[in-house]
Amino acid sequence: MPQVKLRQSILEFSTYPPVGDDDWRYAFATARVRALETQMLPRATFQDMANAQSFENALDMLSAGQYAVPKGAAGFADIEEVLLQRRAEVRELFASLMIDESIVELFKSRDDFANLRLALRRALTDKPVGADYSPSGNVAPEVLEQAFAEENYAVLPGYVRRAAEAATINYYQDKDVRRIDYEIDRLQALHNIDEARRLGSIFLDGLFRTQVDLTNIRTLLRLKFTESEQIDVFLDGGFLEPAFYKHGLDLGYEAIGNLFFATPYQHLVEVGAGYLASNKSFLKTEGQCDRHLIGLLKSTAQITAGPQPIIAYLLMKEHEIRTIRLVLTAKKNSLDTRLILDRIA
Amino acid sequence: MLANVNATRMELLRLRKRVALASRGHRLLSEKRDEISRRLIQIARGISLLRKRVEAQLLETCRRFMMARASMEPEHIKAALAVPTKKLTLTVQFASIMNVKVPHLLKEISGRIICYGFATTSGEMDVALIALEKAFDDLVELAEKEKQAALLATELRMTRRRVNVLEHVIIPELHETIRFIFDKLAEAERDNISRLMKITDIIRA
Amino acid sequence: MSQIAIGIAFLGAAMAAFMAGIGSAVGIGIAGRSATGVLTEKPERYGQLFLQVVLPGTQGFYGFVIAFFAMGKISDFIASAAGLGISDALAVFSACLPIAFAGLLSAIHQGKTCAAGILMTAKRPEMAVKAGVLYAAMVEVYAVLGFLISLLILLAIEVPAAA
């Protein structure tokens, strides 16, 4: 691996952080993913679904592709089932195409952290540790359940153990379960960025830091909207410092866009804050954040061979599955078409 | 009924007292009926407004919650909502409207409704939960008012039946009995007089 | 006629063949892996992709042809009255260099260009010839130039009449 400069300042790129270099070991995998990308649903399909007359019509539009729901399946649970199955398949494909095992582990750790949140919440509030943990993390659900039942964290991987210990300490500061989440969120972001640096991947570093920034922007707007007094919840490690967002808490919705002047996020913050002020809803903020992230993932098109397009495919596919669920849920509950279009914009 | 009436002056006096009592009761009950129906209309008018508001709020909450749920991964929803922090205690006290025992709900809310971190959850969930929190005050009030209205309506029906029974059955019957006794007594009186006249005639003859 | 001169001349011929050959092998290897990736999902694209996979192979042929010519020259020299002098040997050696290096580097880069073209063909089959093959052919130009110069130099070397 060439020695690359990983700490990047936000002024060194205009919209998306750099994606890094080709890695010719991935020529086959990249080509396969490129071919698969052609089967992804175009944006127009989602717009058509949103504009469809009824839920059934929207569902019919999917019936030709891989998201076809078996005939006679009436309930929404069947659709959820199909979507979850597709997600599992995509993750499996990702694991099989990825030559670097540690990148697969890194993306599996997302489920570990989700499981950890659930387990810690239950354990610390003296509820039974219970079952129904996600099986797709690096730690098998049984191992996790056993570790929490016996309070023996030694069997867990280092990052899970450290997060569990830190979150426990944080919880006992004032016995607020939200503190568990704050601490795990913080450590998860740091873990991701550290791993990206250890792997020497410019792309992953930029991706995770962008994700941190987008999360912080959403958090900023949510704190403003709920008039919450919590201010130490911004994540470290993004391109912008937590202090930057804290400053934003004192500004009005109109002024907040200007705070992000000369960052890639100015437009999305302006649009999101404006929509929040007028419609009391985060739909557009979230739509814009998704859009920014997808834009970053799409910029991997310049890579002819490398892990970047494969990671991008995984994340885009997961996003596609979420969008399908979103549109179908909205249609099922006959929500306003305008709202759906605002969200998937 | 008329058959086994003791057509005596005692009975007549007793019945007259009963009529007076019944008509006083009738007056009081009809006043109560009017008052209850006034109160009921008042409450019902409040309810329909409140109900519309609560329904709109709940629909909105539900809609946003659906959107939030759909845009998050299932495992994150599970983790976010596993242990709620909001605690709600409801206590029932009884108040009295027109001597009807109606419940009065007292709620005690502690903790914050948003019980999760920010990174893996959707902002729509915040909006939904805060809207739910606001809807809760109205929801409890609505429950209280609806129960009150139901209890008052039962009471109103009962009172109305009592008024009707007094007005159309008991009072007319009492009047009839009084008239019957009066007639009987007058008959006895005439009987007695004519008998006395006869005796006078016999003595004179 | 020295043994060293013969060695130098044959080294030139060998370099033309093996360096251009290595370039082609690496180039086809890269393009081939990309093509198999696309074919896994879209087997019907086989015909369109074939040209792009074999395009980096031309450099190997150029090297092969130059090596053949060079060997012809060397045997002509050996058969001549004067034999193969050290300056003749160096001339043959340098005649082989353009195709050796141009072939090696252009084939690898052509392979990468073809791989990119193949990925594009997966998404936009109608552009396969227009962009995919044509851009790779641009790289080919410089291999052809190297080949031509090698050939011209070889032809310019005059062999004295046989004894």
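## Buried cysteines and the B–A interface

C:C114 is buried, its relative accessible area being 0%. The model is a predicted one. A:C289 is buried as well, at a relative accessible area of 1%. Both values fall in the buried class because that class covers anything under 20% relative accessible area. The disulfide count over all chains comes to zero.

| Residue | Class | Relative accessible area |
|---|---|---|
| C:C114 | buried | 0% |
| A:C289 | buried | 1% |

Now the interface of chain B and chain A. On the chain B side, 33 residues are in contact with 45 residues of chain A. About 3500 Å² is buried between the two chains. Carbon and sulfur atoms give 58% of that area. Within chain B, the residues that lose the most area to chain A are B:M67, B:V83 and B:F118. Together they make up 21% of what that side buries.

The rule finds 20 residue pairs in polar contact, both partners at pLDDT 80 or more. It also finds five salt bridges between chain B and chain A. B:D126 pairs with A:R222 in a salt bridge, with the closest N and O atoms 2.8 Å apart.

Which elements of chain B each supply at least two residues of the side that touches chain A? They are α1 (9-71), α2 (74-81) and α3 (123-204). α1(B) gives the most, with seven residues. By class, the side of chain B that touches chain A holds 16 nonpolar, eight polar and nine charged residues.

Terms used: Residues numbered from 1 in each chain as written. Chains lettered and ligands numbered in written order. Predicted model: local features only at pLDDT ≥ 70, side-chain atom pairs only at ≥ 80, totals over all residues. Heavy atoms only, no water. Contact = heavy atoms within 4.5 Å. Buried area = accessible area lost by both parts, 1.4 Å probe. Salt bridge = Lys/Arg side-chain N within 4 Å of Asp/Glu carboxyl O. Polar contact = N/O pair within 3.5 Å; in protein donor to acceptor, adjacent residues only side chain to side chain. Helix = DSSP H or I, 4+ residues; strand = E, 2+ residues; numbered from the N terminus. Nonpolar A, V, L, I, M, F, W, Y, C, P; charged D, E, K, R; others polar. Disulfide = S-S within 2.5 Å. Buried < 20%, exposed > 50% of the residue type's maximum accessible area, 1.4 Å probe, protein only.
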